[in-house]
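Here's a quick tour for anyone meeting this structure for the first time.

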Amino acid sequence: MYQVNYHRASSVEEAAKLASQGDARLLSGGMTLIPAMKTRLAAPSDVVDIARIEALKGVKVSGNTVTIGAATTHHDVAGNAELKSAVPAVADLASHIGDPHVRHRGTIGGSVANNDPAADYPAALLALGATVVTNRREISADDFFMGLFETALEDGEIVTSIRFEKPEKAAYQKFPNPASRYAMTGVFVAKSKDGVRVAVTGAGDNGVFRASEIEAALTKDFSAAAVEGVSVSADGLMSDIHASAEYRANLVKVMAKRAVAKAG
Amino acid sequence: MGIEGIGARVARKEDKRFITGSGRYVDDMVVPGMKHAVFVRSPHAHAEILSIDVSAAKKMPGVIDVLTGKQLKADGIGNLICGWMIHSKDGTPMKMGAWSPLAVDKVRYVGDAVVVVVADTKGQARDAAEAVSVEYRELPSVIQAVDALKAGAPQIHAEADNNLIFDWEIGDAKAADEAVKAAAHVTKIRIVNNRLVPNAMEPRAALGHYDRGDDHTTCWTTSQNPHVARLVMSAFYNVAPENKLRVIAPDVGGGFGSKIYIYPEEVVCCWASKKTGVPVKWVADRTESFLSDAHGRDHVSEVEMAFDKDNRIIGLKVDTIANLGAYMSLFSSCVPTYLYATLLSGQYNIPAIHANVRTVYTNTAPVDAYRGAGRPEATYLLERTMEVAARELGVSPAELRRKNFITQFPHQTPVIMNYDAGDYAASLDAAMKAADYAGFPARRDSAGAKGMLRGIGMSCYIEACGIAPSAAVGSLGAGVGLWESAEVRVNAVGTIEVLTGSHSHGQGHETTFAQLVNSRFGLPIDQVSIVHGDTDKVQMGMGTYGSRSGAVGMSAIVKALDKVEAKAKKIAAHLLEADEGDIVIEDGTLKVAGTDKNVPWFQMALAAYTAHNLPSGMEPGLKETAFYDPSNFTFPAGCYICEVEIDPDTGITEIVQFVAADDFGNIINPMIVEGQVHGGIAQGIGQALLEGAVYDDTGQLLTASYMDYTMPRASDLPSFQVSTSNTPCPGNPLGMKGCGEAGAIGSPPAVINAITDALGLRDIAMPASPQTVWKAANSAKH
């Protein structure tokens with residue numbers, strides 16, 4: 001790791017101010033940033049730790065609306081009783097991120113802002129039609145995720161919370177990479193009054209995406225059998241030593257079927 | 001056996017320090033004034049070094065010095081060697097290319113060490129390493145051994161035409177050819193054994209400390225054999241004369257073979273300490289380990305196995321190409337020859353065998369022994385071939401094996417080995433019973449009803465351990481003898497130190513060796529300390545590899561204990577005014593048999609050291625040394641059965657049961673033996689399902705971290721069912737065979753036989769990852 005200045009922000013306003021200096025990066029758990037710094041692949045001049053800002057923590061379920069503070073750890077999301085009752089699929093997703101160490105450090109805001117193409121949360125946000133709330137504005141998930149590690153966030157913009165409506169049914173099914181255990185293909189299905197949304201992470205060569213053909217099939221008939229008839233193309237899917245695009249295309253379908261079955 | 005003696009499940013003495021974080025590893029060693037080394041490594045698989053500019057790096061904060069291969073050569077540091085001479089079948093010696101600890105004009109794999117930076121902190125050394133400017137001219141590279149032999153392949157070493165190191169054979173080519181011609185059936189198959197990265201939990205590390213006043217060097221290093229390291233560093237690498245070089249291998253966190261060898265880094269740390277005047281420490285990070293630890297396996301073989309009309313094997317022909325990487329590592333030449341082809345008879349009576357082995361340079365990390373070392377390659381080849389043959393012949397795999405088992409001992413194979421004892425049918429029966437082999441068809445059907453594919457596979461392995469008779473290995477090209485030494489020091493109050501050349505880096509010697517002493521003299525194991533891993537404390541010894549610490553290392557301890565016992569009895573007889581032939585040792589007391597006359601052990605020891613009342617002419621003290629040279633290899637064997645269930649939708653293979661029935665000869669501590677088997681099987685399943693080193697076409701290692709190299713995790717493994725049915729080894733005093741490598745040797749073919757059974761396929765590549773299995777399952781459908 002190169003020399004770096006560490007700052008611990010106590011408020012979002014302070015964080016925004018600190019983050020405007022030099023080549024600063026926000027630290028919200030650091031599950032990606034710190035390993036990248038340790039291997040010298042990332043070299044910010046300053047890191048601004050926002051994971052201890054109390055205002056950014058916690059899960060709130062109010063009526064049908066769920067709000068999760070950006071600095072809420074995966075462990076706290078996974079274990080939140082209200083969320084487990086309202087949208088168990090999200091708590092379940094969080095409970096399978098990384099390992100216990102990662103789940104106690106990593107945060108939803110950090111994961112979403114990083115937009116790793118193999119991260120789990122982006123699939124949930126996109127399928128749930130969630131809103132990403134920042135210190136400046138609100139951005140819909142459809143507009144937020146823009147490609148590999150690319151988001152709609154502007155310089156100095158800080159994710160403060162994630163908000164979504166409780167779906168009628170939802171489930172997430174992940175096929176982990178055998179080595180890293182990141183999602184090699186993860187599918188989140190959500191059925192709400194507005195229709196069915198299916199988001200796929202870990203598979204697309206431009207990050208998380210919606211599987212429109214599967215959505216169409218499930219809109220007609222929300223059943224695993226309905227997915228069976230869909231042909232998933234390998235075009236636009238990632239290929240690496242662990243999974244070819246064809247294999248990922250198969251996994252998209254299999255994970256979608258299993259997610260639908262799990263959603264009940 | 002007593003509660004702490006041979007055969008007792010004694011908890012490991014060493015675990016207290018390991019599980020409380022009190023172990024002391026090389027990285028824990030701190031010497032006043034110590035500085036930190038970072039290596040600049042080649043980013044290219046094959047390139048000429050045009051120039052090296054260290055001027056900017058030298059000016060960086062905290063930098064002590066930045067040193068190059070030219071300086072190392074100028075100081076007379078030698079090239080790294082391979083210590084086992086193999087001759088090609090035309091009589092020419094193996095073609096060993098020069099391996100400078102720091103590359104001088106050429107780099108030959110990604111990770112080849114080029115420059116070393118020494119600085120106050122590791123961070124400063126890293127910063128300065130980035131400021132070193134090396135100008136390269138890239139050359140074409142070759143990764144696969146088969147490609148390296150093709151005409152026009154990039155030439156890696158001037159010494160080895162077309163990258164061929166040697167072209168060696170064993171056995172009777174004519175007899176094997178005739179058997180194939182006369183056969184009623186011949187099974188032909190290509191067998192690929194995938195390349196693995198050892199991944200010891202503790203990365204390699206070295207600390208060199210040159211003492212100017214004494215002109216003496218101390219080297220702490222992560223070694224399985226510190227005396228061999230001292231010998232080689234002094235005799236071949238000119239680090240220091242043996243009497244001025246102390247090598248210490250303290251707690252070492254796993255080796256699996258990869259810490260047998262002497263690598264560039266320890267040589268450079270010792271030399272750099274002398275050059276700079278400061279102690280120099282280097283600790284590998286994980287990616288350095290992936291890049292530069294010696295890898296394992298990487299064979300491609302063509303096999304023909306000939307059967308007569310009664311399904312008896314009448315001949316075996318094997319043609320193997322083994323990838324040795326960019327340089328010949330210390331024992332790389334013996335692994336694909338004498339540790340591999342000599343085991344090609346397996347558990348079977350095969351009258352004619354011929355094996356040809358070509359070893360090849362490629363632009364990859366050096367390849368050397370890795371848990372099993374040659375024997376997993378032989379076992380995988382034979383046991384895959386047997387399974388395929390049984391399917392082709394339409395007979396039960398178990399019965400085909402049983403029909404061909406060797407049943408009379410000793411048995412001379414056509415490939416050097418003389419098996420001394422075994423009962424292969426007993427292990428097969430035990431494994432089949434434990435696995436409920438007969439109940440498999442019903443289990444397969446009920447899995448099928450859920451849409452799952454279930455398969456069963458077995459493997460009957462044999463290995464040669466307890467390496468090895470020194471004269472025999474000498475005649476086969478070994479540069480060293482493979483005996484072991486021991487010294488037993490009885491202290492004045494009777495407690496005991498056993499100094500052994502066997503190094504413990506996970507094997508539990510501190511417990512098992514003490515159990516042996518407890519069995520002999522009745523002292524609690526807490527009063528017995530095992531000393532190892534320091535050339536200044538322990539007499540010359542050969543170290544730990546090839547499952548030799550029990551069969552060879554403990555045999556040396558037995559010899560020293562025999563001498564101690566003889567002298568102790570003489571002293572006791574003198575004190576008790578009895579005949580020494582009447583003295584027996586029971587529960588820590590020397591007794592006159594049949595009487596109540598006795599002297600406690602500690603009192604006898606005290607008498608030895610006060611020397612007030614010793615037999616006339618007897619020297620004071622009680623300390624004996626012994627060297628033991630084995631008369632033969634030992635031959636652990638067994639039968640492993642694996643049952644898998646495959647999800648055809650995802651290609652995930654679940655191992656639903658794994659049975660190991662082993663014959664290890666006599667056992668000191670069954671709990672430690674089971675631990676060894678569990679660990680070995682985990683590595684074997686790792687090879688079969690998960691692990692594989694992957695280089696891209698340009699020689700970049702794609703699997704250089706745990707993000708891409710799949711290590712077995714607990715959730716990948718079933719609860720193993722292990723048992724032993726043992727035939728004592730007649731060749732050593734304790735009747736031991738060795739158990740450290742069996743699991744890694746026997747398990748990969750059992751797993752692959754089960755997967756191919758489930759899929760109805762002849763073969764599948766290792767690792768049988770989900771993607772590979774999915775592709776195979778879906779192509780098999782058509």
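Let's begin inside chain B. Helix 19 of chain B has 18 of its 18 residues buried, so it is largely enclosed by the rest of the structure. Keep in mind that this is a predicted model. That helix covers residues 742–759 of chain B. From its first C-alpha to its last, helix 19 of chain B reaches 27 Å, close to the 26 Å expected at 1.5 Å a residue. And what comes just after helix 19 of chain B? You'll find B:Gly760 there, with a positive phi of about 65 degrees.

Chain B also meets chain A. On the chain B side, 14 residues are in contact with 12 residues of chain A. Helix 20 of chain B (residues 770–780) supplies the largest share of the side that touches chain A, namely 3 residues. Sorted by class, that side of chain B has 8 nonpolar, 4 polar and 2 charged residues.

Now over to chain A. Its secondary structure comes to 12 helices and 14 strands. The radius of gyration of chain A is 18 Å, close to the 18 Å that the globule rule gives for 264 residues, so chain A is as compact as a globular protein of that length. Of the 264 residues of chain A, 49% count as buried. Taking the contacts in chain A with a separation of 6 or more, 61% are between residues 24 or more positions apart.

Chain A is divided into domains, listed here:

| Domain of chain A | Residues |
|---|---|
| Domain 1 | residues 5–49 |
| Domain 2 | residues 55–165 |
| Domain 3 | residues 169–263 |

How far apart do the C-alpha centres of domain 2 and domain 3 of chain A lie? The answer is 19 Å. As for contacts, 21 residues of domain 2 of chain A touch 23 residues of domain 3 of chain A. On the domain 2 side, helix 5 (88–95), helix 8 (121–128) and strand 8 (145–147) of chain A each supply at least two residues. Helix 8 of chain A gives the most to that side, with 6 residues. By class, the side of domain 2 of chain A that touches domain 3 of chain A splits into 14 nonpolar, 4 polar and 3 charged residues.

Conventions
Residues numbered from 1 in each chain as written. Chains lettered and ligands numbered in written order. Predicted model: local features only at pLDDT ≥ 70, side-chain atom pairs only at ≥ 80, totals over all residues. Domains from an automatic or database assignment. Contact = placed C-beta atoms within 7 Å. Helix = DSSP H or I, 4+ residues; strand = E, 2+ residues; numbered from the N terminus. Nonpolar A, V, L, I, M, F, W, Y, C, P; charged D, E, K, R; others polar. Rg over C-alpha atoms; globule rule 2.2 N^0.38 Å. Buried ≥ 20, exposed ≤ 12 C-beta atoms within 10 Å, placed from the backbone. Expected span 1.5 Å × (residues − 1).
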